[in-house]
Amino acid sequence: MLMNIFPSSRAHHLCSPRNVFLQSVRITNPSAIPRQPLSCSVDLSSYSRICNVSLLTTRHTFNHSNTVCTSRISSSEFPPLPPPPRNVSLLSVLPYLWDLASKDPGLGWRLFGAVFLLLGGKVAGILGPLFLKFAMDKLQSAPNDLRDLSPKLVLGALVFSAFSKAIGAGMNEMRYVVFAPLGYATGRRVAVHLLDHILHLDLTFHLEKSSGLLERIIVRAQRAVVHVFRAIVFTFIPTAVELGCVCTLLAKQVNITVAGVVLVTFVAYILWTIKITDAAASSRKEAIKIEGLATGKIMDVLLNFELVTQSNTRKLEVHRYHDLLMRHQNVILDAEHLSATLNAGQAFILAAGVASVMALSGLSVTQGSMTIGDLVLANGLILQISAPLQFLGFLYRDLRQSLLDLDFLFNILITRPSVKDGHIELQKVGPGMKIQAENLHFRYRSSRKILNGVSLTANPGESIAIVGPSGCGKSTIVKLLLRFYYPELGTLFLDNIDLQLLSQASLHGAIAIVPQDTVLFNDTIYHNITYSRPTACKTEIIQAAKQALSGGEKQRVAIARAFLKAPRLLICDEATSALDSNTEVEVLKTLKDLSSGRTCIFVAHRLSTIMHCDKILVMDNGSIIEEGTHKDLLSRGGTYANMWSSQELKEKREPLPK
Ligand SMILES: Nc1ncnc2c1ncn2[C@@H]1O[C@H](COP(=O)(O)OP(=O)(O)OP(=O)(O)O)[C@@H](O)[C@H]1O
């Protein structure tokens with residue numbers, strides 16, 4: 001059964017028994033699911049995205065340094081990556097990749113096997129024309145001196161020459177087979193370490209980088225490793241060596257002019273390829289950019305179908321999409337023209353080279369300074385070496401992109417989280433947590449102070465509420481508590497331990513959050529609930545769901561997650577502010593059950609939802625200006641009392657749960 005659990009009114013149709021629907025109800029309304037955090041967010045990091053109202057726009061600067069990647073999953077299964085090189089020049093990247101692949105446990109030998117097969121294939125390729133020359137020379141000289149002719153030798157040479165291409169091709173294919181598992185394993189290792197590293201970076205990093213960008217970096221880094229091997233280790237270097245061998249052979253066996261012509265031909269071929277490929281690169285880059293815009297346009301229009309229909313902008317949207325496709329067509333055609341120019345030019349250069357070599361050789365044969373065998377050798381070698389060059393343009397383009405992808409990879413691998421992990425384990429289970437904040441000062445950017453000397457205490461099992469106008473710093477206190485940032489000044493203590501000394505895993509394991517907008521994965525409700533404790537058994541999950549899922553809003557999933565986690569500290573950040581009054585009353589009842597025996601922090605605008613808290617802190621402009629119970633604060637007649645009376649007037653408040 002597939003059901004859409006949003007909006008809330010539809011949620012009541014979720015039928016019992018709950019354990020049936022839990023596992024089958026899939027989140028099917030993509031617009032209801034926040035787009036950014038889907039890929040790899042976890043409970044707290046998802047929360048962090050939700051709480052953030054503005055994004056940092058400053059660019060993160062990376063410092064290259066020779067530090068080893070601090071991935072935490074390093075083990076015999078995932079051996080650590082070598083230290084990233086200082087830059088992405090070929091001289092730096094090659095030793096890195098060699099180190100990476102050759103040290104792969106169990107598969108490193110494949111690199112040496114592949115190189116051996118590659119060399120074997122090249123040698124077989126060069127030997128073919130040499131044997132043919134030998135046979136030709138023997139045959140040419142036979143009529144003059146029949147006693148010299150050995151049929152077995154000539155036949156053997158001809159047969160080997162015929163098979164040498166096949167032997168070379170066979171070794172080449174074997175090389176792919178031998179290298180492929182290592183290539184994939186190395187790419188996988190890089191991707192796994194990279195994802196793990198990214199997941200351990202701090203919130204500031206994640207706010208600066210879009211999830212889409214990070215996803216592309218991971219996927220492309222995985223491919224780049226294989227591509228660089230394919231381009232450099234298996235094509236460029238062997239071809240350069242082969243070209244050197246061929247020219248030397250021609251200079252020695254045939255004559256130096258022919259060798260020179262071959263060299264000039266291939267240098268011209270390579271220069272032409274690089275020049276035109278570079279020229280086409282900007283068109284292809286532009287095409288990829290427009291492709292992204294066109295895809296984004298389709299997604300936007302489909303996801304916002306209702307708005308598009310209501311606004312009667314269907315025609316406009318279709319025209320906008322068409323304009324993008326038109327732009328795409330124009331730039332892609334430019335790239336195609338350049339590609340055709342490249343291919344035609346390559347064929348012309350090669351043909352001119354072969355023709356020159358043949359003409360020179362033919363002339364030399366007629367003049368008696370070269371044998372027919374020499375001519376056959378020159379022809380065979382030029383054809384032998386031109387084969388890998390056919391892919392040069394494609395591989396060069398690939399290589400450029402791969403080096404760029406590796407640059408992104410290295411820059412991320414050397415990025416260190418600005419918030420350091422502590423070593424003391426916070427008790428995960430047990431009674432409510434004690435929280436003390438002393439004189440907290442904080443700013444996101446240097447210009448504006450967000451917290452200005454905040455001090456608060458919540459004793460184990462107490463519920464405190466933080467209220468105040470938008471932007472006064474309520475959620476920022478929560479973010480400091482979760483260690484997403486360091487305070488500029490002041491200290492936070494949990495269970496009398498300085499927060500900076502606590503391990504983040506234990507800290508996050510002891511806290512559950514019910515935010516205003518719960519992040520849901522595109523999966524069943526059952527799996528969405530297990531997210532707070534993936535090791536929970538089915539009975540526990542169903543029990544948590546029963547405790548939480550009577551209404552059906554997204555908050556219910558967050559509450560079920562919290563029940564399952566059984567946290568020592570519960571944080572409700574505007575948990576009910578988006579709900580209608582009836583549902584709010586229902587959700588508040590469940591939250592009351594959930595908060596029993598735990599320390600709770602409620603961040604809220606609607607005072608009616610927090611009036612029963614043990615302590616209410618009223619904030620303004622980064623400071624706590626009033627503190628007390630609801631009754632105390634009303635009797636004081638200050639800011640809280642004013643807020644209360646204006647909300648009472650505005651909302652015509654409904655009765656609250658006792
Ligand atoms: N990551 C960030 N980078 C820069 N500024 C930020 C960031 N997150 C929040 N701010 C700013 O800090 C100020 C306090 O934000 P905070 O979220 O703590 O306010 P709040 O009191 O919880 O507001 P609201 O009730 O609207 O959620 C706001 O002006 C906000 O724009």
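I began with strands S9 (residues 615–620) and S10 (residues 623–628), which pair in the antiparallel sense over five bridges; strands here are DSSP runs of E with at least two residues, numbered from the N terminus, and two strands pair if DSSP finds at least two bridges between them. The model is predicted, so I kept in mind that local features need pLDDT of at least 70 and side-chain atom pairs count only at pLDDT 80 or more, while totals for chains, interfaces and linings use all residues. Residues are numbered from 1 along each chain as its sequence is written, and side-chain values use heavy atoms, with hydrogens and water left out.

Two residues lie between the strands, and Asn621 takes a positive phi near 50°.

Next I looked up the open sheet, in which four strands follow the order S2-S1-S4-S5 with antiparallel pairing. Strand S2 (451–458) and strand S5 (497–498) stand at the edges with a single partner strand each, so one side of each is left without a neighbour in the sheet. I noted that six bridges join S1 to S2, and that Ile435 has Ala458 in S2 as its bridge partner.

Which strands does H14 lie across? I found that H14 lies across S1, S2 and S4, running at about 65° to S2; helices are DSSP runs of H or I with at least four residues, contact means heavy atoms within 4.5 Å, and axes are lines fitted to C-alpha atoms, for helices over the stretch in contact, with angles from 0 to 180 degrees between N-to-C directions.

I then turned to the rings, where those of Phe, Tyr and Trp (its six-membered ring) pair if their centres lie within 6.5 Å, planes under 30 degrees apart counting as stacked, over 60 as edge-to-face and the rest as tilted. By this rule I have 10 aromatic pairs. One of them joins Phe442 and Tyr444 edge-to-face, at 4.8 Å centre to centre and 85° between the planes. Phe442 also forms a tilted pair with Tyr485, at 5.4 Å and 50°. That pair links distant parts of the chain, 43 residues apart, with Phe442 in strand S1 (residues 435–442) and Tyr485 in the loop between helix H14 (474–481) and strand S4 (489–494).

Are Phe442 and Tyr485 buried or exposed? Both are buried, a word that means under 20% relative accessible area, with exposed over 50% and partly exposed in between (1.4 Å probe, protein chains only). Tyr444, by contrast, is partly exposed at 29%.
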